[in-house]
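Dear colleague,

I am passing on the structure below, together with notes on what a computed analysis of it returned. Please read the notes with the model open beside them.

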Amino acid sequence: MLLMTKQGQEKLARDMAEIAKKKSQWGDVWKRLFRNKRGVLGMGIVVLLLIFVLGANLFTNYDYAVQDVTNRYDMPGREHLMGTDNYGRDIFTRLLYGGRISLMVSMMSVIISGCIGIALGSIAGYFGGRIDLVITRVLDILMAIPALLMAIAISSALGSGPVNTALAISVSGIPHSMRIMRSTVLSIKSNDFVEAARATGSKHMRIIFRHILPNTVAPLIVNSTLQIGGNIMAISGLSFIGLGVQPPTPEWGSILAAGRIYIRDFWPIIVFPAMCIMLTVFGFNMFGDGLRDALDPRLKD
Amino acid sequence: MTKYIIKRILWMIPVLLCVVTIVFTITYFTPGDPVLIILGAGNYTPEAYAQKSAELGLDKSYLGQLTTYIWNLVTKLDLGRSFLTNIPVSSELMVRIPVSFRLSLMGIAVMVTVGLPLGMISALKQYSILDTTLTSVSLIIAAMPAFVMAILNLLIFGVILRVLPTTGLDSWRNYILPVVSAAGSGIGVYLRMTRTTMLEVIRQDYIRTARAKGQIERIVIQRHALRNCLIPLVTVIGAFVATVFSGSIIVETIFNITGMGTYLMGGLLGRDYPIINGTVFVICTLVCTVNLCVDIAYAFIDPRVKAQFTSPRKRAKIVKELIEVKEGAN
């Protein structure tokens with residue numbers, strides 16, 4: 001065994017690769033994900049939503065901003081799938097284009113808060129000690145401000161618009177992703193392969209990037225998926241109270257806010273945007289839960 | 001135990017000071033000049049501008065303004081005056097805090113009283129039709145932000161069925177819709193958490209032991225499962241406090257309730273910084289206080305936590321007594 005020939009070593013390596021290919025971790029994950037009914041439902045909703053939202057111009061012949069005063073308050077029908085609003089604009093079209101904004105802003109803020117959270121979390125988790133204490137304490141303080149209030153304050157300071165909204169919402173997401181990252185790094189750090197890397201003289205940066213970060217991908221994916229849903233709630237909430245994305249740019253929250261005064265007379269203008277928000281958040285939550293169960297079966301509830 | 005509580009209370013002080021600083025800094029760097037808003041753009045003289053600016057304390061540097069603000073807050077509980085109405089923010093808040101606080105606490109209470117029992121039933125009847133229905137409904141509710149919940153409640157109960165009033169807070173019936181909406185997605189999330197925790201607990205060995213010795217099922221659940229399941233469930237309430245409090249802010253504007261939420265919205269529209277700073281600070285204080293209470297309650301419920309904070313001398317005494325008892329028995 002110890003005096004293995006070169007051919008022997010090569011054969012072993014090939015066998016290992018074969019085994020790895022056959023039982024690849026991601027293949028297992030897919031299988032487990034597809035076995036989970038709710039996860040599949042969530043994924044279906046998310047995929048459908050992406051198709052509809054990204055291909056918005058394929059599904060509708062109307063423009064989201066063109067007003068048609070002769071066709072105001074049309075009930076849902078063949079002509080207008082979800083009716084028309086107080087300016088005669090097609091609600092379905094507005095929701096499709098509004099979804100673009102909601103999803104884009106939400107993903108942007110997930111990326112921003114994710115990047116900062118990953119950096120802070122891996123530093124805190126990996127180095128520990130005083131750095132960890134300082135980072136955790138500072139973010140604890142940030143967490144004392146409720147997420148929505150923080151977003152309200154920042155977005156009122158930055159002004160409206162998609163990019164500013166994404167920034168405002170990502171600030172309150174940082175502590176959360178930092179915590180998840182930190183605890184994941186802490187648990188990975190104690191593994192033998194990290195110690196082995198250190199023993200062979202790897203630098204800190206190399207250990208973090210080559211050995212630790214690849215192992216945190218699973219919880220990060222789960223966290224981002226779940227955060228997209230939460231962010232959509234926050235974005236539409238901000239737009240609803242007049243911050244965030246403002247008319248005439250369609251956004252689900254601002255469409256709902258604009259329709260609020262017609263609640264007594266014309267229900268489609270309220271119900272459809274509300275359904276959009278709910279369905280999207282539901283889809284991302286289910287998809288995220290499914291991913292979590294598939295990636296880490298031990299966490300299954 | 002006392003030491004733990006004192007430590008937690010003392011930790012709140014730097015946290016709140018930092019909160020004030022953060023919020024003050026954010027509003028300080030907000031574009032838009034409040035003096036111009038008050039005087040109206042265009043029709044003012046430089047002297048009038050300088051006078052107004054000095055009157056509001058806006059001519060001082062950032063640090064100067066911040067220290068004055070914190071000094072007034074700490075010594076006089078003074079949060080400044082509204083730029084637009086010149087009414088002190090703290091006196092306005094005094095009237096509004098009870099309204100919002102009651103609303104939010106009721107929201108949390110509704111969340112727990114609905115989520116906890118239903119979650120437990122769901123767990124005890126796992127995989128039954130009831131369980132499937134409850135989980136599905138809770139998942140849908142969990143996907144509803146407070147304002148969507150509020151709008152839909154308004155539409156269903158206020159406009160279509162016309163069974164509940166939709167504005168003001170005159171009688172108990174007025175509270176139903178805002179409170180349920182403020183609890184919002186929390187109900188669904190809490191129900192699911194209860195179910196998960198309960199499922200974990202009833203798989204434990206001590207439950208099996210209790211059943212194996214022939215204990216009545218009702219007592220197994222009440223005495224063994226419930227208490228162990230409550231411990232984590234009390235802690236997670238803390239995580240919902242912030243959500244419910246901030247949810248009630250938006251809910252207030254929808255149901256026209258004169259609480260802190262409507263006040264904050266007014267401040268945001270008029271760029272009235274003292275209002276924004278003061279309201280955010282007060283809400284943060286309330287959230288921190290409620291969280292503190294939850295943590296202390298947790299320590300009281302869970303003997304393990306309580307034991308962690310007994311003084312070493314007391315612990316040594318207990319251990320000594322135990323040893324004596326054991327020796328006496330021998």
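Across the interface of chain A and chain B of this predicted model, two residue pairs are in polar contact, both at pLDDT 80 or more; a polar contact here is a pair of N or O atoms within 3.5 Å, where within protein one must be able to donate a hydrogen and the other to accept it, and residues adjacent in sequence count only if both atoms are side-chain atoms. The side of chain A that touches chain B draws at least two residues from each of α6 (129–144), α7 (147–158), α11 (217–240) and α13 (268–295) of chain A, and α13(A) gives the most, with 10 residues. Helices (H or I, at least four residues) and strands (E, at least two) are DSSP runs, numbered from the N terminus. By type, the residues on this side of chain A comprise 27 nonpolar, four polar and six charged, where Ala, Val, Leu, Ile, Met, Phe, Trp, Tyr, Cys and Pro count as nonpolar, Asp, Glu, Lys and Arg as charged, and the others, Gly among them, as polar.

The count of salt bridges between chain A and chain B is one, a salt bridge being a side-chain nitrogen of Lys or Arg within 4 Å of a carboxyl oxygen of Asp or Glu. A:D289 forms a salt bridge with B:R192, with the closest N and O atoms 2.9 Å apart.

The contact (heavy atoms within 4.5 Å) takes 37 residues from chain A and 42 residues from chain B. Between them the two chains bury about 3600 Å², 80% of it on carbon and sulfur atoms; buried area is the accessible area (1.4 Å probe) that two parts lose on being put together, summed over both. A:I141, A:L149 and A:M278 supply 16% of the area that chain A buries against chain B, more than any other three residues.

The largest nonpolar core has 165 residues, and those with the most contacts inside it are A:L256, B:V148 and B:I254. Such a core is a set of buried Ala, Val, Leu, Ile, Met, Phe, Trp, Tyr and Cys residues joined through side-chain atoms within 4.5 Å, and buried means under 20% relative accessible area, exposed over 50%, partly exposed in between (1.4 Å probe, protein chains only). Helix α10 (residues 217–255) of chain B contributes the largest share of this core, 17 residues. Leaving aside residues up to four places away in sequence, B:V148 touches A:L256, A:A274, A:I277 and A:M278. A second, separate core of 11 residues includes A:Y126, A:I207, A:L213 and A:L220.

Chain A has 13 helices and zero strands, and of its 301 residues 49% count as buried. In helix α9 (residues 192–199) of chain A lies A:R198, which counts as partly exposed because its relative accessibility is 42%.

Two backbone angles deserve a look. B:Y127, in the loop between α5 (89–124) and α6 (129–142) of chain B, has a positive phi near 70 degrees and counts as exposed at 68% relative accessibility. B:N256, in the loop between α10 and α11 (260–269) of chain B, has a positive phi of about 55 degrees although it is not a glycine.

Residues are numbered from 1 along each chain as its sequence is written, and chains are lettered from A and ligands numbered from 1 in the order in which they are written. In this predicted model local features need pLDDT of at least 70 and side-chain atom pairs count only at pLDDT 80 or more, while totals for chains, interfaces and linings use all residues, and side-chain values use heavy atoms, with hydrogens and water left out.

With best regards
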